[in-house]
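The sequence and structure are shown first.

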Amino acid sequence: MRLTEHFRLEEFTRSTTAARLNIDNHVPDELMANIQLTANKLELVRKALAHPIIITSGYRCPALNTQVGGSPTSTHTKGLAVDFHCAYGNPKQICQRLITAGVEFDKIIQEYNQWVHIEFSHSNQRRRVVTAVKQNGKTIYLPGLV
């Protein structure tokens, strides 16, 4: 199912973990408006980066979210977040570009300098910027881009 010019629903629900564990990761009807909002916002991200975006984690049903160690309050479970990478550059460069381009987002996280996590909202686009790093085996969230 095509959501926007460049994004299909399958990109948001694809998960090797779900496939391996036989988890049904379909999006409930009541969350489809969130998925549509996220796809629309990702079009603006793609435009700012001038490169295709590869979604590595989109929507996660609660069972899948638990299996991948996601937070119980993860916006992935609401269809309002994606993790992605892009040929534009490394995660820090991607985040910097999206910030300077004025792309609307609620939160953006440079995660372990391996991928970008971006969250959207129907109301607030607070533009919170965070860097996730591992310290002593635990994830620490630092303000800004590190």
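## Loop residues with positive phi

Asn22 is exposed because its relative accessibility is 73%, where exposed means over 50% relative accessible area, buried under 20% and partly exposed in between (1.4 Å probe, protein chains only). Asn22 is located in the loop between H2 and H3; helices (H or I, at least four residues) and strands (E, at least two) are DSSP runs numbered from the N terminus. Although Asn22 is not a glycine, its phi is positive, at about 55°. The model is predicted, so that local features need pLDDT of at least 70 and side-chain atom pairs count only at pLDDT 80 or more, while totals for chains, interfaces and linings use all residues. Residues are numbered from 1 along each chain as its sequence is written, and side-chain values use heavy atoms, with hydrogens and water left out.

Ala50, in the loop between H3 and E1, is another residue other than glycine with a positive phi, near 55°. With a relative accessibility of 62%, Ala50 counts as exposed.

## Helix H3

The buried residues of H3 include Met32, Ile35, Leu37, Leu42, Val45 and Leu49, together with Asn34, Lys41 and Glu43. The buried residues of this helix pack against helix H1 (9-13), strand E1 (53-57), strand E2 (81-86), helix H5 (91-100) and strand E4 (115-119). Lys41 belongs to H3 and is buried because its relative accessible area is 13%. Beyond its neighbours within four places in sequence, Lys41 is in contact with Glu104, Phe120 and Gln125, contact being heavy atoms within 4.5 Å.

## The largest nonpolar core

In soluble globular proteins, nonpolar side chains tend to be buried together. In this model, the largest nonpolar core has 34 residues, and Phe12, Leu42, Val45, Phe84, Leu98 and Ile118 have the most contacts inside it. Such a core is a set of buried Ala, Val, Leu, Ile, Met, Phe, Trp, Tyr and Cys residues joined through side-chain atoms within 4.5 Å. At least two residues of this core come from each of H1, H3, E1, E2, H5 and E4. H3 gives the most to this core, with eight residues.

Leu98 illustrates the packing. Not counting residues up to four places away in sequence, Leu98 touches Val45, Ala48, Leu49, Phe84, Val103, Ile108, Ile118 and Arg127.

## The largest pocket

What volume does the largest pocket hold? About 730 Å³ of space lies in it, a volume being the space filled by probe spheres set on grid points joined across faces, edges and corners. On a 1 Å grid over the protein atoms alone, a pocket is an open set of points where a 1.4 Å probe fits, with protein on both sides within 12 Å along at least five of seven lines; lining residues have an atom within 4 Å of a point.

The pocket is lined by 30 residues, of which Ser57, Arg60, Gly70, His76 and Asp83 are the closest to its centre. Helix H2 (16-21), E1, strand E3 (107-111), E4 and strand E6 (138-143) each supply at least two lining residues. The lining divides into eight nonpolar, 15 polar and seven charged residues. Ala, Val, Leu, Ile, Met, Phe, Trp, Tyr, Cys and Pro count as nonpolar, Asp, Glu, Lys and Arg as charged, and the others, Gly among them, as polar.

## Asn65 and Ser74

Asn65 lies in helix H4 (residues 62-67) and counts as buried because its relative accessibility is 3%. Apart from residues up to four places away in sequence, Asn65 touches Arg60, Gly70, Ser71, Pro72, Ser74 and Thr77.

Ser74 is in the loop between H4 and E2 and is buried, with a relative accessible area of 10%. With residues up to four places away excluded, Ser74 touches Arg60 and Asn65.

His85 lies in strand E2 and is partly exposed, at 37% relative accessible area. Leaving aside neighbours within four places in sequence, His85 is in contact with Pro52, Ile53, Ile54 and Thr56.

Glu30 is in the loop between H2 and H3 and is exposed, with a relative accessible area of 64%. The C-alpha atoms of Glu30 and His85 are separated by 28 Å, and those of Glu30 and Lys78 by 9.6 Å.
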